[in-house]
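Have a look along with me.

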Amino acid sequence: MTRPSLPALTVLVVDDEAPARNEVAWLLDQDDRVSRVLTASSGTAALAALEREQIDVVFSDIAMPGLDGMQLARVIRRFAERPQIVFVTAYDTHAVDAFDLDAVDYLMKPVRPERIGEAVRRCLASADRETRAPETDEGDETIPVELGGVTRFIPRSEIRWVQAQGDYARLHTPSGSHLVRIPLATLEDRWAEAGFVRIHRSTLVATRHISEVHNDGGRCTVVVDGNELQVSRRHTRALRTTLLRPRTDTVDG
């Protein structure tokens, strides 16, 4: 059965600089997937608008006097029905913070029309995932990654394994690998409930994607997407216990 198409979005653009605010609002207004565009010149004005209107997505600048974009997003996270957040900024130093705040996208100024279009697509896709919650991973996070100078967000459910590289971590997905400035220990703690386990001091694996476990002369390895990864002696027993534990989050048939 074909699902009904998603409704057009009502968007709030927040920026203390009128030229930047008007440019983003104009670009959004050209998109057929956006039904209405509202604007606010501060974080405080944005909260007032959110009290009056039903907003689907907030496109917010970060560096603003008073209530800045990050603080605004933290307030919005406490809403019972919260709009999605897209950050629009001249700085690329807040991507990790955006990850913590579940932002859908992170746009760099000056904003190109195609990036606005991509952000709208991501918002609609995220809304679609919520309406199909039983078919997707509950609480699936998005992680900001740099691709050719553009910050994009990938779902955690696409990540097969993670390798530590100093204070950075390399995320391996079917489409390639991405280096992010997040320590492996942080991801291990954050993603434990999502089925990620440490198999080596430098490797974290999504157990659902382990297809084989090999034991050869006391040396244990796992196969993930055709890649053989070493399991350290220290982590072998814990991994076996995890893999043998009955899973309660899937239903056969």
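My entries follow, from the whole chain down to single residues.

**Ground rules**

I am working with a predicted model, where local features need pLDDT of at least 70, side-chain atom pairs count only at pLDDT 80 or more, and totals for chains, interfaces and linings use all residues. Residues are numbered from 1 along each chain as its sequence is written, and side-chain values use heavy atoms, with hydrogens and water left out.

**Whole chain**

I looked up the overall make-up: the protein chain holds seven helices and 15 strands. Helices (H or I, at least four residues) and strands (E, at least two) are DSSP runs, numbered from the N terminus.

Of the 253 residues, 44% are buried; buried means under 20% relative accessible area, exposed over 50%, and partly exposed in between (1.4 Å probe, protein chains only).

The chain exposes about 14100 Å², with carbon and sulfur atoms supplying 46% of it. Those areas come from the Shrake-Rupley method with a 1.4 Å probe, and for residues only the protein chains shown count as cover.

I also checked contacts (heavy atoms within 4.5 Å). Among those between residues at least 6 apart in sequence, 53% join residues at least 24 apart.

**The parallel sheet**

In what order do the five strands of the open sheet lie? I read β2-β1-β3-β4-β5, with parallel pairing; two strands pair if DSSP finds at least two bridges between them. The edges are β2 (34-40) and β5 (105-108), each pairing on one side only. Neighbouring strands here are turned by 20 degrees against each other on average, direction ignored.

I followed β4 (residues 84-89) next: four bridges tie β4 to β5 in the parallel sense. Val88 has Leu107 of β5 as its bridge partner.

**Helices across the sheet**

I found helix α2 (residues 43-52) lying across β1 (9-14), β2 and β3 (57-60), at about 160 degrees to β1. Helix α3 (residues 69-76) lies across β1, β3 and β4, at about 180 degrees to β4. For these angles, axes are lines fitted to C-alpha atoms, for helices over the stretch in contact, and values run from 0 to 180 degrees between N-to-C directions.

**Asp61**

I turned to the UniProt record, an unreviewed entry, which places "modified residue: 4-aspartylphosphate" at Asp61. UniProt positions are in the numbering used here, feature names are shortened, and annotations may be inferred rather than shown by experiment.

Where does Asp61 sit? I found Asp61 in the loop between β3 and α3. Asp61 is buried, with a relative accessible area of 5%. Leaving aside neighbours within four places in sequence, Asp61 touches Val14, Asp15, Asp16, Gly69, Val88, Thr89 and Lys109.

**Helix α6**

Which residues of α6 (residues 184-191) are buried? I noted Leu184, Leu187 and Trp191. They cover an arc of only 60 degrees around the axis, which puts them on the same side of α6; the arc is that of the directions from the helix axis to the C-beta atoms.

**Two hairpins**

I checked β11 (residues 196-200): five of its five residues are buried, so β11 is largely enclosed by the rest of the structure. Four bridges join β11 to β12 (residues 203-206), running antiparallel, and two residues lie between the strands of this hairpin. Arg198 has Leu204 in β12 as its bridge partner.

I then looked at β14 (residues 219-224) and β15 (residues 227-231), an antiparallel pair with five bridges. Val222 stands opposite Leu229 in β15. This hairpin has two residues between the strands, and Asp225 takes a positive phi near 50 degrees.
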